[in-house]
Amino acid sequence: MAETADGKVWLGTLGDGLFFLKGGRVTDVDAGLPDRKINSLLQIGEELWVGTDSGLYHGNDTGFRRIELPSFLGNVPVLSLLRDRDSNMWVGTTRGLLRINGKGISFFEETGLRGDGGINALFEDREGNLWIGGARGLGRIRDSAFVTYSSVSDRRFEHNGPVYVHPEGRTWFAPAQGGLYVLENGRVQPVTSIPPNEVVYSISGREDEVWAGRQRGGLARLRFRNGAKASESYTEAHGLAQNSAYAVYESRDGSVWVGTLNGGVSKFKDGHFTTYTTTNGLASNTVSSILEARDGAMWFATPTGLSSFSNGQWRTYTTVEGLPSPEVNCLFEDSSGTLWSGTSAGLAFFASSRFQVPHESPDVLREQVLGMADDKSGRFWIATSDHVLRVPRDKLLSGVVKAVDVHEYDQADGLESTEGVKRSRSVVSDSAGRIWFSLSSGLSVVNPSQINDNSAPALPHIETITADNTTVNLAVFVQIPPSPRRITFEYTGLSLAAPERIRFRYLLEGFDSNWSQPVAAREAVYTNLGPGHYRFRLVASNSEGLWNGPETAIALNVDPAYYQTYWFRLSCIAVFFALLWAGYQMRVHQLQEQEKKFRDAVETMPTLAFVADPKGNRTFINGGWLEYTGLSSEQASGSGWEKAIHPDDLKRVTERWRASHTTGQPLDYEARLRRSDGVYRWFQTRARPLRDNRGKIEMWCAVANDIEDRKRAEQLQADLTHASRVSTMGELVASISHELAQPITATTNHAKASLRWLQRDPPELTEVRKGTERIIEAGTFASEIINRLRSLYKKAPPKRELVAVNEVIGEMVLLLRGEANGHAVSIRTDLGINLPQITADRVQLQQVLMNLMLNGIEAMKETGGVLTVKTGRGEGGQVLILVSDTGIGLPAGAADDIFNAFFTTKPQGSGMGLAISRSIVESHGGRLWATPHNGRGATFHFTLPTAVVEESAAT
């Protein structure tokens, strides 16, 4: 049956002929139809096409005319008819399939499906696929994007090399196995001037000539004039850099550039060759591709970078200038004038004097790029080492290329291979806008203008939902039992064009925050979904990669388990807060108990103790402190404790508290504390801060210990040290008198001489001035001796200051020189340079040196000798002082006893000198010891820490 545009309903029978129904009347039509058996009907407007056992006819109720089919088919029966969306007429016969359009009639012999009954049925689906039904099964015919000249039918299209399309439409190609061929009007003709075993690396040309770069034969020039062909060859003998011409390019000024395999690049102009190599500035002598840009600059691709030659200047670009890889395979300038380079690590374009690469792109665009071209719609066509791609140029220039922006082509699109070939030009466009691909197998061409970007969408469909291996009924509202461990959504996309290319994206509302990435899998799995309402949404891309289809969705609900219900959660919250409150109360009780134990312990401590707030105000004072001072807790709280501090110590103590409050450092001070009977005693107070988790001081805990006895002992030791020093000085009276006599005598003599010079007439004022200056010098010298004596005699508390050890030694040498000379002892010094200063009491250090030096002098008073004082650096950066003599040495077996109090080997000795010296040295943080010599004499060593060590420790 069929209905034509004029309202007639046509009926075809298997033996009674053709009828039409109109206005309630049935009319028999047999005009022009030789056969009463009607196999198929097809209406086109008001015209009807009829398939019979005698052939194909078309017409209307006034009569039918026969359509002449190819004569080799004979009087073939027509079994089925179809008109597709492109107005092609498809005719199924017993011998095959016919296509009738404006270009004529084409025949397809469907031997695999024809069977004995031929092609009985034809159908075109919504995606444009033509389905063919025959006695042996079902087949499909689908228009592909590419037309491929297959290596299956012609071995010359196997393992292709370079390709070039002449402006007149001839396609030149060179197989990898050798030879050069021309494809024109579907026919392949060899170029006889190129031997069939000679490999051609590159092809280029303009108008009526073609240039071919050969593997061994140099450069070939083919001319076509008035139907005649002529060829010339240029080799090394003509000036070519090398006979292996890998890349050939003819520039706009008629120059021919030849890039060789490893000999550089040669320029052929006016019959002469000029060669450029790495010596001139070329990146490498191996040139893989050549291009002239719109500004006239020549570009040369090499394995080690991309070189440009403009106005006689060379410049090379590598990864430093933005190339993704220094190995450049091909070059291309698009319709907007942008230069593109295909490298072994992807694509790059030239902008702002450097190369740019998309900072976001799929992995296929990071493969080795072997060829590229663009079409009139601004789309890039790219051949990589394993893919044929189409990408919008604006996406590449923007730097962001998503996976959905890249369209991949494969065998389903008519390609025989997707593997590109590494030649200077393997992807080119022709004057008609078609793009030619030379691939590892097959020569393919695509017409971008016939690419439909609005192809039929794939229809997403959710097939099943499975929860823990139980299939859910989708006919009703989907309800999932509580606590599902695994929920699987199985889906598909309805498309018959290329179902393996369909990609899906899904989103589970209530769980996912974003759509998934495109996936080929036809299921989505979710585990451990909580209770609640969800909505599974699904979209699909069609075989062309377009996301132009509708969205499908299904709602579902996961029931909560009892422990996931609101009442259960509220109950848990209530129990939690109850436990929290109970824990809080328990903790408060524990803290109160701990505080009570702490107070009891502090109260019973055999010392004075107190607790202060961060500012130093007393918040707790133990009974011992209150009992000692006689103050009540109210009187001593806050700042009332200051009443018990000696007035002379109060300012120092409060300043120390303020400093520790500022720095947070532990506090340690000594002060006098008034007893209840008004007597002051010395106490040492140590306070430590107690901090919270954030490091903030919450309180200070302190104890005060009575040190009155220690203070008295220290005073006694100081008195004893002073007495020892005075006693020692008494022994030096004679030598000191001798030292003072010298400057006094000098003063008297210079005064007498000056008086005589004044008595002259006229007075000799110059000599008087000199004498006066000498008197001042002698007086200053005597004053220094007296000051040193006074410092040793003076009784004062220790005073720590920065001291230069070498300077103190010099003073003591000067002071003791007379005593040494009196016993025939010479004093020598070996003082280290650049010694650091120490922090010490200068008088006490002088006393130590005086004791050690006098001991050495006394040990040599019978025999004379040498007293040596040496300084240097000791272990740990300390200052080391050595006092050596050549006297009687240390007492046998008592080397360690000499530092004990009251131990002496001298008849009139007190036995306190060395004991006091060791005490002084150790109070300064140093160490004093003695070692005997192998012969005569001994050495006393002592070390003192440097001022730098003390300062760093203080900070």
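Predicted model: local features only at pLDDT ≥ 70, side-chain atom pairs only at ≥ 80, totals over all residues.

Arg36 and Asp28 join their side chains in a salt bridge, with 3.5 Å from N to O. As for accessibility, Arg36 is partly exposed, because its relative accessibility of 32% falls between the limits of 20% and 50%. Asp28 is likewise partly exposed, with a relative accessible area of 39%.

The next pair is Glu292 with Arg252, whose side chains meet in a salt bridge at 3.6 Å, N to O. Where do Glu292 and Arg252 lie? Glu292 belongs to strand S29, residues 289-292, while Arg252 sits in the loop between strand S25 (245-250) and strand S26 (256-260), so the pair ties together parts that are 40 residues apart in sequence. Is Glu292 buried or exposed? Glu292 is buried, because its relative accessible area of 9% is under 20%.

I turn now to Arg686 and Asp668. These two residues form a salt bridge in which the closest N and O atoms are 3.3 Å apart. The pair links distant parts of the chain, with Arg686 in strand S55 (residues 680-691) and Asp668 in strand S54 (residues 667-674), 18 residues apart. Arg686 counts as partly exposed at 34% relative accessibility, and Asp668 is also partly exposed, with a relative accessible area of 32%.

To close the topic of charges, there is a network of salt bridges that links four residues: Glu509, Arg535, Arg537 and Glu551.

Let us move to empty space within the model. Rolling a probe the size of a water molecule over the atoms shows where empty space is left. How many cavities of 30 Å³ or more does the structure hold? There are three of them.

The largest cavity has a volume of about 100 Å³. Its lining consists of Phe610, Arg618, Trp625, Trp641, Ile645, Tyr669, Ala671, Arg672, Leu673, Phe683, Thr685 and Ala704. The elements that contribute two or more residues to this lining are S54 and S55, the strands that also carry Asp668 and Arg686 respectively. Which element gives the most to the lining of the largest cavity? It is S54, with four residues. By class, this lining comprises nine nonpolar residues, one polar residue and two charged residues.

The second largest cavity contains about 40 Å³ of space. Around it are Ala840, Gln844, Leu845, Val848, Ile920, Val921, His924, Phe942 and Leu944. At least two lining residues come from each of helix H11 (842-859), helix H12 (913-923) and strand S63 (938-944). H11 gives the most, with three residues. In terms of class, the lining of the second largest cavity has seven nonpolar residues, two polar residues and no charged residues.

From cavities I proceed to pockets. The largest pocket holds about 1,400 Å³ of space. Its lining is made up of 45 residues, and those nearest its centre are Asp86, Asp143, Ser144, Ala145 and Gln450. Several strands each supply at least two residues of this lining: S11 (97-101), S12 (104-108), S16 (146-149), S19 (181-184) and S43 (443-446). How do the lining residues of the largest pocket divide by class? The division is 15 nonpolar, 17 polar and 13 charged.

Pro196 lies in the loop between strand S20 (187-190) and strand S21 (200-206). Pro196 is classed as exposed because its relative accessible area, 62%, is over 50%. Leaving aside residues up to four places away in sequence, Pro196 touches Gln177, Gly178 and Gly179. A further spatial relation involves Ala174: the C-alpha atoms of Pro196 and Ala174 are separated by 9.8 Å, and the two residues are 22 residues apart along the chain.

That concludes my presentation. Thank you for your attention.

Notes. Residues numbered from 1 in each chain as written. Heavy atoms only, no water. 1 Å grid on protein atoms, 1.4 Å probe; cavity = no way out; pocket = protein on both sides within 12 Å on 5 of 7 lines; lining within 4 Å. Points joined across faces, edges and corners; volume = space filled by probe spheres on them. Nonpolar A, V, L, I, M, F, W, Y, C, P; charged D, E, K, R; others polar. Buried < 20%, exposed > 50% of the residue type's maximum accessible area, 1.4 Å probe, protein only. Contact = heavy atoms within 4.5 Å.
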